[in-house]
Amino acid sequence: MKIVVIGGTGFIGSKLVGVLGGCDFEVVTASPSRGVNTVTGEGLAEALFGARVVVDVSNSPTLDPGAALAFFESSGCNLMASEEAAGVQHHVVLSAVGTDKLPESGYFRAKRMQETITRSSRVPYTILRSTPFFEYINGIVEAGGAEETLRISPAHAQPVAGDDIALALRDIILQRPRNRELEVAGPDRFRLDELARQILAANEDPRPVIADPEAPYFGAVLRDDTLIPASHSQLASTRFEDWLRLYVAQALDPAN
């Protein structure tokens, strides 16, 4: 079975390619650096020839609302048209929990456009919505402002390890298309400001955090449950405290 991973050199893509490498599949890593550009269409037909499954884990190079919308619209339309022409049997796309709850966020509107394009295609699909990754909490913290005091939303979230997302995607690839959305989350629930304090402490960063319900998240104000998955979502196994322990150990000894 030939599987094409769009965005295969990125954070999740490289993890997924690694996971699939232990299986008896032909895996194609597709990205602009590998000659496959979903925005321009360059190299798409060649990469998708004979593919049974395509997994899209690509992301906009910028969070600017207009640019993100242009990226997901162009990329999505080109990709789905090429998949239809190639006879792809399963399109898997990675999205985000909250995509349908944050119309005020330009980035989340762009992700919703990506989902809409997927549903409108004739290619059978599965959409996997993920909660925020452990590895992206630093980015959430830095978005809290350039001042000495950081303002972070106290909304709840169930962050998840990137490795667990790769495993969830692998499992979806091995199953039939669901033609609907699935959700995956970490096993534990935290407030975002609490996560920020823990990651700052791990980084030995003394900046204080203020829980601010009006603090923006991707340009929008969160309700307490915006980032909480549905009750039937899949729960990953890696706990934040275990991931954080490894994160600190690797920071102290990068060679290992």
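Ala, Val, Leu, Ile, Met, Phe, Trp, Tyr, Cys and Pro count here as nonpolar, Asp, Glu, Lys and Arg as charged, and the others, Gly among them, as polar. The model is predicted, so that local features need pLDDT of at least 70 and side-chain atom pairs count only at pLDDT 80 or more, while totals for chains, interfaces and linings use all residues. Residues are numbered from 1 along each chain as its sequence is written, and side-chain values use heavy atoms, with hydrogens and water left out.

**Pockets**

- A pocket is an open set of points on a 1 Å grid over the protein atoms alone, where a 1.4 Å probe fits, with protein on both sides within 12 Å along at least five of seven lines, and lining residues have an atom within 4 Å of a point.
- The largest pocket holds about 1,000 Å³, a volume being the space filled by probe spheres set on grid points joined across faces, edges and corners.
- Asn59, Tyr107, Phe133, Tyr136 and Phe218 are the closest to the centre of this pocket among its 47 lining residues.
- The lining of the largest pocket comprises 28 nonpolar, 17 polar and two charged residues.
- The second largest pocket holds about 190 Å³, and its lining has five nonpolar, two polar and five charged residues.
- Helix H8 gives the most to the lining of the second largest pocket, with five residues, helices being DSSP runs of H or I with at least four residues and strands runs of E with at least two, numbered from the N terminus.

**Strand S8**

- S8 (residues 181–185) has four of its five residues buried, that is, under 20% relative accessible area with a 1.4 Å probe and protein chains only.
- Strand S5 (residues 125–130) pairs with S8 in the parallel sense over four bridges, where pairing requires that DSSP finds at least two bridges between two strands.

Note on methods
Buried < 20%, exposed > 50% of the residue type's maximum accessible area, 1.4 Å probe, protein only.
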